Amino acid sequence: MAILNVNHICKSFGPFAIKDISFEIEPGYIVGFIGRNGAGKTTTLKSILGVTKVDSGSVTYMGKSTVDSNVKQELGIILGEFTYYRHVKIAKLTKAVKRFFVNWNDDTYNEYIRRFGIDENKRVKELSSGMKVKYSLAIALSHEAKLLILDEPTSGLDPISRDEILDIFRSIVADGEHSILFSTHITSDLDKCADYVIYIKNGEITMSGDREEIINGFRLVQGGMDALTPELEHRLIGYKTNAFGFSGLIREDDIEIAKDLMIARADIESIMLYNEKYVNEEAMK
């Protein structure tokens with residue numbers, strides 16, 4: 001049984017809208033939700049959580065609506081950077097926060113505080129950005145949440161702190177019972193930990209599935225300008241030119257037409273770039 005089902009949700013904000021967003025998440029997986037800034041990632045997450053009321057569609061967690069306040073007790077949520085109560089000590093903040101969760105477990109919390117190396121005598125303002133994320137994760141995991149929904153949890157972290165957080169993500173889902181849905185624009189994070197990827201562009205999901213299957217569906221090609229024939233140009237999803245020739249992204253199914261060019265494995269970052277910045281509008285028609 002899927003832990004989360006998102007069914008055809010739509011939400012309009014003037015000229016911008018998320019449209020017909022659908023996907024599901026199984027227990028034991030990490031799902032990366034990617035797209036450029038303004039693509040609709042945060043709007044979608046807030047709609048899933050009921051923070052933003054959708055115009056149509058539905059979202060269920062283990063078969064129950066996420067709008068239900070009782071369901072929110074079963075979700076671990078991090079939306080944005082931890083910035084509130086800057087002058088309060090961690091121990092005092094935790095004492096206040098845990099009263100909101102009926103399934104709070106002190107033993108679990110203390111285990112994560114020890115594991116993450118968090119000093120409860122420090123004030124919030126004294127925590128590094130990485131420690132703030134770890135503390136938020138400790139709170140989220142201490143009330144029996146099986147699904148974590150995180151908005152840009154690694155944004156602003158240095159590479160070492162990001163790697164530590166991604167290691168934590170992998171350990172969290174290792175039991176096959178927890179799942180993580182996290183939005184990001186740092187595509188290298190996906191290469192390190194995501195099992196599945198959902199790609200949103202202009203408020204619509206344009207790609208979703210197993211990360212490796214998505215990557216294997218594309219190839220990077222490179223050659224001189226004389227090799228950029230009209231037929232090849234039409235098949236390229238996106239391309240860019242320079243003084244030495246061109247480089248572009250092509251579907252694996254179309255690779256035969258580019259067999260005489262330099263061919264390399266794609267990655268999530270290149271797939272995004274050629275779908276966004278260097279997109280070939282003619283090929284999209």
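This is a predicted model: local features need pLDDT of at least 70, side-chain atom pairs count only at pLDDT 80 or more; totals for chains, interfaces and linings use all residues.
Lys146 pairs with Glu177 in a salt bridge, with N and O 3.2 Å apart. Glu177 is also classed as partly exposed, at 44% relative accessibility.

Helices H5 (residues 129-141) and H6 (residues 159-173) themselves pack together. Two packed helices are described by the angle between their axes and the distance between the axes. Here the axes come within 10 Å and cross at roughly 15°. The angle falls under 35 degrees, so H5 and H6 count as roughly parallel. Their crossing is right-handed. H5 contributes Gly130, Val133, Lys134, Leu137 and Leu141 to the contact. From H6 come Ser161, Glu164, Ile165, Ile168, Phe169 and Ile172. By class, the contact comprises seven nonpolar, two polar and two charged residues. An α-helix has 3.6 residues a turn, so residues three or four places apart point the same way.

Salt bridges number 18 in total. Side chains of opposite charge can pair when their charged atoms come close. One of the bridges joins Glu152 to Lys41, with the closest N and O atoms 3.9 Å apart. This pair spans 111 residues of the chain. Glu152 sits in the loop between strand E7 (147-151) and H6, whereas Lys41 is in helix H1. Both Glu152 and Lys41 are buried. A further bridge connects Lys11 and Asp55, at 3.7 Å from N to O. Lys11 is in strand E1 (residues 4-13). Asp55 is in the loop between H1 and strand E4 (56-61), 44 residues away from Lys11. Lys11 is buried, with a relative accessible area of 15%, while Asp55 is partly exposed at 47%. Arg211, Glu212 and Arg265 form a network of salt bridges.

Helix H1 (residues 41-49) is mostly covered, with seven of its nine residues buried. The buried set is Lys41, Thr43, Thr44, Leu45, Ser47, Ile48 and Leu49. Gly50 follows H1 and has a positive phi, near 80°.

Helix H10 (residues 268-276) is largely enclosed by the rest of the structure, because seven of its nine residues are buried. These are Ile268, Ser270, Ile271, Met272, Tyr274, Asn275 and Glu276.

How values were computed
Residues are numbered from 1 along each chain as its sequence is written. Side-chain values use heavy atoms; hydrogens and water are left out. Axes are lines fitted to C-alpha atoms, for helices over the stretch in contact, and angles run from 0 to 180 degrees between N-to-C directions. Helices (H or I, at least four residues) and strands (E, at least two) are DSSP runs, numbered from the N terminus. Angles under 35 degrees count as roughly parallel, over 145 as roughly antiparallel, 65 to 115 as roughly perpendicular and the rest as oblique. A crossing is left-handed if the near helix is turned anticlockwise from the far one by less than a right angle, and right-handed if clockwise. Contact means heavy atoms within 4.5 Å. Ala, Val, Leu, Ile, Met, Phe, Trp, Tyr, Cys and Pro count as nonpolar, Asp, Glu, Lys and Arg as charged, and the others, Gly among them, as polar. Buried means under 20% relative accessible area, exposed over 50%, partly exposed in between (1.4 Å probe, protein chains only). A salt bridge is a side-chain nitrogen of Lys or Arg within 4 Å of a carboxyl oxygen of Asp or Glu.
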